[in-house]
Amino acid sequence: MKYKIVLLMLGMILLNACSTDDALTTDDNGVNQSANRQSTGKSAKDLLSADKYTSMILEIVYVEGFEPSQSSINNLKSFIEKRTFKPQGIVIEKRAIPSPNKTKYSINDISEIEKKHRKYYNTDNRIAVWAYFSDGKSDKDSAADETVVLGTAYWNTSFVIFQETLNNYSNSPLEPNRSLLETTVMTHEFGHIFGLTNLGSPMQTNHEDGAHAKHCNNKDCLMFWKSESGAGILDMANMSAAPSLDANCMADLRANGGK
Ligand SMILES: [Zn+2]
Ligand SMILES: [Zn+2]
């Protein structure tokens with residue numbers, strides 16, 4: 001059993017990270033990749049509404065051995081379906097890649113992995129999202145692992161889950177159920193690319209946590225930032241379902257073209 005208190009950092013957002021030098025990047029087939037290298041929250045409306053994109057492809061890529069569970073993927077899909085208008089549907093494609101063989105990854109490393117392996121970019125009416133499940137750990141974890149990063153949304157249609165870390169802190173006594181923790185982190189990161197909170201989906205009432213920017217101030221909301229309150233893995237051990245969005249967060253999504 002692990003008695004150590006682990007502070008969860010659900011989704012560190014790097015605003016404008018790694019975006020400038022990628023302007024006007026096109027691949028060998030002339031696909032414009034720059035539309036998918038914008039700051040987090042910038043595509044909120046395009047993800048939520050059918051105005052520009054009537055369908056979505058979610059590309060799930062994991063390092064061999066670090067595949068997310070099918071039940072978590074199903075939960076994520078239903079979360080997206082409940083909040084978005086995509087009359088032509090949401091397609092999920094999943095595949096494994098070999099380990100890039102590092103023990104620690106910076107967000108810059110993660111974005112390089114995406115550049116190398118991402119297959120899908122926005123097309124005329126289909127928006128593409130990249131979700132990467134990493135081995136190793138985040139370079140933002142503290143030295144003695146008192147604080148660990150489980151996920152990060154870093155571009156407008158990209159997020160990473162540190163799946164090896166997540167596995168290490170789930171499914172043991174005093175730890176949360178793995179699928180619930182996966183569902184929580186995946187939907188939380190998706191909430192960020194949906195523009196929550198105050199990150200591209202304008203707030204209908206002020207509910208941003210003063211102490212934790214771009215997070216909701218309701219402790220029961222999916223978009224609450226739990227890291228500094230001492231709430232963490234041990235508190236999540238008793239959860240029976242992943243947290244959902246509260247009324248304020250849902251109102252922001254509806255006002256920005258979502259359901
Ligand atoms: Zn977050
Ligand atoms: Zn909220």
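Trainee: How do β5 and strand β8 pair, and over how many bridges?

Mentor: Keep in mind that this is a predicted model. Here β5 and β8 (residues 158–161) run in the parallel sense, paired over 4 bridges. For one contact to look at, take A131, whose bridge partner in β8 is F159.

Trainee: Which strand pairs with β5 over 8 bridges?

Mentor: That's strand β2 (residues 55–63), again in the parallel sense. Look for V61 there: its bridge partner in β5 is Y132.

Trainee: Is β5 mostly covered or mostly open?

Mentor: A general idea first: in a regular strand, side chains alternate between the two faces of the sheet. As for β5 (residues 126–133), 7 of its 8 residues are buried, so the strand is mostly covered.

Trainee: Now the metal. Which residues coordinate the zinc ion (ligand 2)?

Mentor: Look for C216, C221 and C249, each through SG, plus D246 through OD, at 2.3 Å. Along the sequence, the spacing of these donor residues reads C-x4-C-x24-D-x2-C.

Trainee: Why is the site called tetrahedral?

Mentor: Four donors get that label if all angles lie between 85 and 135 degrees. At this zinc ion the angles among the 4 donor atoms are 98 to 117 degrees, so the site is tetrahedral.

Trainee: And why does C216 count as buried?

Mentor: Because its relative accessibility is 0%. C249 is buried too, with a relative accessible area of 0%, and C221 is also buried.

Trainee: How many disulfides does the structure hold?

Mentor: A disulfide is a covalent bond between the sulfur atoms of two cysteines. The count here is 0.

Conventions
Residues are numbered from 1 along each chain as its sequence is written. Chains are lettered from A and ligands numbered from 1 in the order in which they are written. This is a predicted model: local features need pLDDT of at least 70, side-chain atom pairs count only at pLDDT 80 or more; totals for chains, interfaces and linings use all residues. Side-chain values use heavy atoms; hydrogens and water are left out. Donors are N, O and S atoms within 2.8 Å of the metal (3.2 Å for Na, K and Ca); water is not among the atoms, so sites may look incomplete. Four donors count as tetrahedral if all angles lie between 85 and 135 degrees; four count as square planar and six as octahedral if opposite donors are over 155 degrees apart and all others between 65 and 115; anything else is irregular. Buried means under 20% relative accessible area, exposed over 50%, partly exposed in between (1.4 Å probe, protein chains only). Helices (H or I, at least four residues) and strands (E, at least two) are DSSP runs, numbered from the N terminus. Two strands pair if DSSP finds at least two bridges between them. A disulfide is a pair of cysteine sulfur atoms within 2.5 Å.
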